[in-house]
Amino acid sequence: MKTYKRKNSLKSKIASTSLRLNIILGIICVLFLLLIGQLAYLQLIYGGRFQTEVQKTDKKIVCNNVPRGVMYDSKGRILVGNKANNAITYTKNSNLTTAKIYDISEKLSKYIRLNDETPTKNQLFDYYLANSKNALKINRQLPRNQRYDEHGDALDDHIVYQNTLKYLRSKKLVFSKRQKTAALIFNKISGAYTLSTIYIKNKHITGKELTLVGENLSELPGVGIGTDWSRDYPNGESIKSIIGSVSSEKAGLPNTNLQYYLSQGYSRNDRVGTSYLEEKYEPLLKGTKSKSQVISKHKSDSIDQTKTIYKGESGASLILTINSKYQKKVDKALKTVYNEAQRAGATRYSSGAYAVAMNPKTGALLAITGLMHNTKNNKIVDNALGVINQAYVMGSVVKGAMVSGGLLNNVITPANNTLPDVPIYLPATPVKKSVYPIGTFGALNAPTALEVSSNIYMMQLALRWLHAKYVPKSYISVPKNAFTILRRNFAMFGLGQKTGIDLPGESHGITGRSFDKNGNILSGSVLDLSYGNYDAYTPIQLVQYISTIANGGYRMKPYLVQSIGKTDPHNNKISILYNTKPKVQMCVPYKKDQLDVIKKGLYQVVHGTNGWGTGRFLKKEKPAIAGKTGTAETFFFDPEHPGNIHAPEVINATFVGYAPADNPKIAVAVVFPGLNPNLEGTFTLQVAKAMFNNYFKMYK
């Protein structure tokens, strides 16, 4: 009986288990049927949409740089052009991972070398850690307290990264040349903007490198072979400081004007003019970028198609007023004479030398050159820019403006301009006199005063002009506005203010103090100002001043850019779009007989017969030259010892002039600052002579 019950119980259990299995299998079958139904539904209803999503492409517009505008001299010779260079490029896709960048960098570094660049330690470490194996190994080696805090929580990623860098520095890893190149490539690609094209290498690319990269482009997605442009100076670099510079792709946009450039549509790595003509005319020189439509499949590693939709337009061309052949001759003359001054021992404390030539009737600059002398190491470098931004006390060259002021204000007249040649004696002050001995002249008229460069005449003129009260060796009193009166007169000729030349960075000059600490006017300095031994002016101001006299009283705005145009693809034919029109900034209200007095004096400086004349060196030159020499007494300024009361005495030697004297076509200014007082020589006159001679040989 018991055996029968056990058998029934076992059968019951088996039946129950079989039922459960059947139920489970039934549920599974139902679920499978539901899944198959859902898949069928999705395939039939949404299949097309999914296929479109998989095959979806990204279409974006990418802008590419075009060659900058060319700069020509006045005769159509290229001063600044563009040199085409082969380049290895990379166009960054939107789905690039660190691992992929590492892979591309590794492969590309087998074919090229970046020997002109040196990676930083951080760039090397970033490249090293981009390899997942290296990153995992270093992470395991890093002490736990540099990965987790005291509670076992992971530290901030930035902190861990800094700890990792510190750890790597302690390891003193050694990288091969290939790895250093790979690190640089990795850094360039990582820093690129999505869908932007960058230059991996655009200098000194060998034929072998081009061949290897070209043969292996299939394994280098994004890498390409293209062309880059660099500035070229086929007619020399002597005025490069005036032309200015263009930033490198690495430097990109200058931080000082970053927001402005970005608002104008520039990319951060765009090259822009950073100084002088390149900066001043940047909006014209940069041209219009080309536009391409870049097409890439969704989540693809590479760009599938690039279609040019606008080829762009190269930058506008600038035609300068300078004749490059004449410019070279002026450069050579200045360097030759300055070397002569060096050999004579006259330049121990000299800061350099400057020369500038201008068409007095239009303001067009004909030549502009300069030298900067380092008194510490005796090295000399080109510094044409000093013509507009270096200011010096110029001495007697400004006396033409002083006598003009006396005539224009009726202090003297064309018929009555003789003044006593009596020195000025101020209390507790050395006698103020001219270079010639006291008593050489009893009185001087205006033309002769200019001829012999009389300081006394200018001071006597100032006393009368300012209605000063003066008792020799006892007392002098000038009005509080004395400096204002004289400076306003000099400013009419452009002295002491910016000329407005089409270059950034021009200096106003340096204005001396008008009052002492107690508010008393510096009367003696007023007299020094009258003969050019107080305020400091720039060479460009000097040439504008002498041009104003030369052309009959029109202060012309100096300019370097004569025309703006477009150049054909071969840099040959220029289509002019704009011509600079001469601009009169001010008319000095000369009467003819007043101007005749000034011009007669400047002519006598060169052609007069008085033994104390200062410009006879130029007397035999044809056509006839009129001009004025200058010598300013000053002290050597050492930036490392600005308050040195024992600074050596030096002189600034200067010359301004124009020719032909009766119908001026060229005006010049030459400045040799900081010469030995005992070795002034005729250096400025030698340079001026060469400038006049070379000009008239070229323009007979």
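The model is a predicted one. Of the 700 residues, 47% count as buried. Now think about contacts between residues at least 6 apart in sequence: 73% of them join residues at least 24 apart. The protein exposes about 35400 Å², and carbon and sulfur atoms supply 53% of that.

**Stop 1: the sheet**

Select β11, β10, β9, β24, β23 and β22. In that order, the six strands form an open sheet with antiparallel pairing. Which strands stand at the edges? They are β11 (380–382) and β22 (626–635). Each has a single partner strand, so one side of each is left without a neighbour in the sheet. From one strand to the next, the twist averages 10 degrees.

Zoom in on residues 352–358 and 666–675. These are β9 and β24, paired in the antiparallel sense over five bridges. Pick A355, and then find its bridge partner in β24, V670. Strands of a sheet pair through backbone hydrogen bonds.

**Stop 2: helices on the sheet**

**Stop 3: an enclosed helix**

Select residues 482–492, helix α17. Why is α17 largely enclosed by the rest of the structure? Eight of its 11 residues are buried, so the rest of the structure largely encloses it. Colour the buried ones: A482, F483, L486, R487, N489, F490, A491 and M492.

What covers them? The cover includes helices α14 (399–408), α16 (455–465) and α18 (523–530). It also includes strands β17 (536–537), β18 (554–556) and β21 (584–587). Then step on to G494, which follows α17 and has a positive phi, near 95 degrees.

**Stop 4: the nonpolar cores**

In soluble globular proteins, nonpolar side chains tend to be buried together. The largest nonpolar core here has 96 residues. Show I242, L277, V403, Y457, L542 and Y545, the residues with the most contacts inside it. Helix α16 gives the most to this core, with eight residues.

Centre on Y545. Beyond its neighbours within four places in sequence, Y545 is in contact with V397, V398, K399, G400, A401, F493, L495 and V656.

Note on methods
Residues numbered from 1 in each chain as written. Predicted model: local features only at pLDDT ≥ 70, side-chain atom pairs only at ≥ 80, totals over all residues. Heavy atoms only, no water. Pairing = 2+ DSSP bridges. Helix = DSSP H or I, 4+ residues; strand = E, 2+ residues; numbered from the N terminus. Axes fitted to C-alpha atoms, helices over the stretch in contact; angles between N-to-C directions. Buried < 20%, exposed > 50% of the residue type's maximum accessible area, 1.4 Å probe, protein only. Contact = heavy atoms within 4.5 Å. Core = buried A, V, L, I, M, F, W, Y, C linked by side-chain atoms within 4.5 Å. Areas by Shrake-Rupley, 256 points an atom, 1.4 Å probe, with all protein chains shown as cover.
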